[in-house]
Amino acid sequence: MFYRETGQFKTSYAADMQIFPIRQDRIALWVVLAFAFIGIPLLDGLQVWPFGGEYMLRAILIPFLILSLAAIGLNILTGYCGQLSLGSGAFMAIGAYSAYKFGTGVDISFGLFDLSIPPLSVLPSILLGGLMAAIIGILFGIPSLRIKGLYLAVATLAAQFFFDWVFIRVKWFTNYTSSGSVVAPDLNFFGYVVNAPIERYLLCLVFVTIFALLAKNLVRGNIGRQWMATRDMDIAAELMGIRPLYAKLSAFAISSFIMGVAGALWAFVYLGAWEPLAFSIDRSFQILFMVIIGGLGSILGSFLGAAFILVLPIALDQVPHALGMPISVETVSLLVFVITGALICWLLIVEPRGFARLWLTGKEKLRLWPYPY
Amino acid sequence: MRKLTLALTALALGATGMTAPAMAQNEQFLPSLVYRTGPYAPNGIPFANGVADYWTMLNERDGGINGVKIVAEECETGYATDKGVECYERLKGKGPTGAGYFSPLSTGITFALTEKVPGDKIPLLTMGYGRSESRNGAVFPWNFVAVGSYWTAADVAIQHIAKELGGADKLKGKKISLVYHDSPYGKEPIAALEQRAKVNGFTFKAIPVTHPGVEQKSQWLAIRQDRPDYVLLWGWGVMNSTSIKEAAAVGYPRDKVIGVWWSGAEPDVTPAGDQSTGYKALMLQHGAGKFKVHADLEKFVISKNKTATKDDFAQVLYNRGLLNSMLGTEAIRTAMKKFGNKPMTGEQVRWGFENLDLTAARIKELGFEGMVSPIKLSCADHQGADVARVQQWDGKAWKVISDYYKADRSILDPMVKDASAKYAAEKKITARDCSKES
């Protein structure tokens, strides 16, 4: 009844080509954005539960936003371009460590000449971190021109293990700290130091909003169609004039760039101090699961998947204590594993195409409501 | 559908009500980051039990600390840094005054929390682990690496080797290898050992083992080829027993293997059975066994069935948990002397830590005589002690085989100074002037 595009006539090409062609979707997007940008800071300022304490922002929303960004990155590669990757953790790590190096100054001696970059401020460091991840992403994307599917997953797995090793072993990346753990520089944006949880949250939100809109736009344009054609049938795509080299490598580059930025944010904004274990193979799997559960080939799905994989275990973990049940933490954490696992199985049986598909089904139903046929 | 919605709403409302239970005003909230699951659980469980039991005993025997009841809550970290950070955020604001102090029992979590505690004003008690340079309280006001750091441990281990060889001059030309957990935890001692290698002229080699440490065949084969005179072991959890088994498999004598104090507990040696006999490990001053405090624990906690402890009672890591809680609660007691007998804030507990002075008489009173020697913390010295002993596993129990060694501060102090100055420069921290602190 309410969700119907009847009467919304498109009178110009611009109107026809909007990101969200249905007015209700646009309104919903604005409401969500307004809530995220204005509502949450307001609720935080007024100390309204659950946004009052720092817990909601620091332990739930910030990691949720950053991991959503990483999931968007992987979704471009795996969901839209169909290139299975297990190297997300590595690309995040490259972003984090490059941003760290750029943030603390780079000095490389090539014998004949020295490359010396003074410490950059945070914003260029993070973006350059993303750029480095994009370059490495292209390098590790080259095998994708020859191999597909699970074999490509193994090649990206090699990237994961290689960079785990590099950041543990090559002390240059950690500025020769004795423990191998590095500390992020201050989040100094044009003289303003971002420190309070709400500021950190807004910082992540800005990054995520920009990249999500960018990704949403990319995937419905020329390049996105090339990715999807390659995903659906690469030979047919090639016959139609799509260059697989360009399509696949651009997917690797953009996806790695976004994951690199997400990695830099994870290290700088969320953790503050980190070690290579923060970007281990577990992180790669976590992000892959987010994409699969959320829905391959859907930007919204990346957010839903991140919420499910990240927030659900944390919420389940707190239920027994909140209800005053005397269960030991040991039992609770095992129960969380069991319940989350069971839910994932159930979800994949009921809807193998993830939350995004469920969302679409819901939208279809809503269109016909209250007179379904 | 409507019923479901109603039920969900009711549940949500119920949950809202539950999350803010009425907190009595006279309660001290103490959080506990534990790992009772995962690859490090065998070592995490006894420590967590010791920590919890000491608090329970104070509540049962004395009604808390000076009449302020302790309310504790555990949060499972699984030894993962991001989970630890989430737990910290979850627990830091609970109770009338917030968390008193945190003890994460993980070097990785310690590094992450070191960046967060100055903002939240909560002290970190990292007894025998964490950042070695955080001994310098002028730069690290919130970190308390009390009783011993990894650099102290490395130094003491070398001193013990020197003694076994018959003098520090005998170290010259010897080969000492370090098998370490490839994480900040395992890497910490390397700087101190390299420094010692320079001073004493032995060849030092560091051999990493990937987390969680169940796969170390190649490392021990390399040791068999290299034949070092001694092997130092910096492992945790399942890595320790695996190392001992692999040492046995390549025929490396176990009595030439010396573990750090985190590699010297019962769960580390019992899985390897007879192969562990002869293995040595440092002691964070205390060892296993029952002391005076254990009688009270049996009377007030164990007999009343208010504990999760089973066979781990009075084991090495259980006792370390007791010691950890004792230091924390004594710091709170010290703070109460200044601020009054009410729940302390993190900031007040920090003052308590910095002015903590455990004399021999007080330690005896607390029932810890024989477990720990007197310790005094101050603004400039957040470690307070430099001594450790060595113990050996005889197949059934740990036997103390050495007297107290004192770490050589003339070697370690400059390292602490350099590392903390580097940290201060990186974070743009102006060090406090400890001569002006009250």
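**Stop 1: the end of a helix in chain B**

Start by selecting G340(B): sitting just after helix 12 of chain B, G340(B) takes a positive phi of about 100°. Helices here are DSSP runs of H or I with at least four residues, strands are runs of E with at least two, and both are numbered from the N terminus.

Before going on, some housekeeping: this is a predicted model, in which local features need pLDDT of at least 70 and side-chain atom pairs count only at pLDDT 80 or more, while totals for chains, interfaces and linings use all residues. Residues are numbered from 1 along each chain as its sequence is written, chains are lettered from A and ligands numbered from 1 in the order in which they are written, and side-chain values use heavy atoms, with hydrogens and water left out.

Now select residues 316–339 of chain B, which make up helix 12. This helix has 24 residues and runs 34 Å from its first C-alpha to its last, close to the 34 Å expected at 1.5 Å a residue. (The expected span is 1.5 Å times one less than the number of residues.) Is helix 12 of chain B enclosed or open? Here 21 of its 24 residues are buried, so helix 12 is largely enclosed by the rest of the structure. Buried means under 20% relative accessible area, exposed means over 50%, and partly exposed is in between, using a 1.4 Å probe and protein chains only.

**Stop 2: helix 7 of chain B**

Next, pick residues 184–200 of chain B, which form helix 7. Its 17 residues should span 24 Å at 1.5 Å a residue, and the end C-alpha atoms are 25 Å apart, which agrees. Helix 7 is mostly covered, with twelve of its 17 residues buried. Among them are P184(B), Y185(B), K187(B), E188(B), R196(B) and N200(B).

**Stop 3**

Select Q285(B), in the loop between strand 9 (280–283) and helix 11 (292–302). At 0% relative accessibility, Q285(B) counts as buried. What does Q285(B) touch? Leaving out residues up to four places away in sequence, its partners include V147(B), M371(B), R389(B) and Y404(B). A contact means heavy atoms within 4.5 Å.

Then jump to L125(B), in strand 3 of chain B. L125(B) is buried too, with a relative accessible area of 0%. Show its surroundings and you'll find contacts with, among them, Y101(B), F102(B), F144(B), L327(B) and F353(B), again not counting residues up to four places away in sequence.

Now try K121(B), in the loop between helix 5 (117–120) and strand 3 (124–125) of chain B. K121(B) counts as partly exposed, at 37% relative accessibility. It touches W142(B), G346(B) and E347(B), with residues up to four places away in sequence left out. Draw a distance from K121(B) to Y101(B): they are 20 residues apart in sequence and 9.5 Å apart in space, C-alpha to C-alpha.

**Stop 4**

Most residues other than glycine have a negative phi, and most peptide bonds are trans. Here are some exceptions to select.

- H211(B) to P212(B): this peptide bond is cis, with omega near 0°. P212(B) is in the loop between strand 6 (203–209) and helix 8 (217–226) of chain B.
- W369(A) to P370(A): another cis bond, with omega near 5°. P370(A) lies in the segment after helix 14 (354–368) of chain A.
- N175(A): not a glycine, yet its phi is positive, about 55°. At 16% relative accessibility, N175(A) counts as buried.
- F190(A): also not a glycine, with a positive phi of about 50°. F190(A) is exposed, with a relative accessible area of 72%, and is found in the loop between strand 4 (188–189) and strand 5 (192–193) of chain A.

**Stop 5: zoom out on chain A**

Finally, show chain A by itself, with its 14 helices and six strands. Its radius of gyration is 22 Å, close to the 21 Å that the globule rule gives for 373 residues, so chain A is as compact as a globular protein of that length. (That radius is taken over C-alpha atoms, and the rule is 2.2 Å times the number of residues to the power 0.38.) Of the 373 residues of chain A, 49% count as buried.

Conventions. The expected span of a helix is 1.5 Å times one less than its number of residues.
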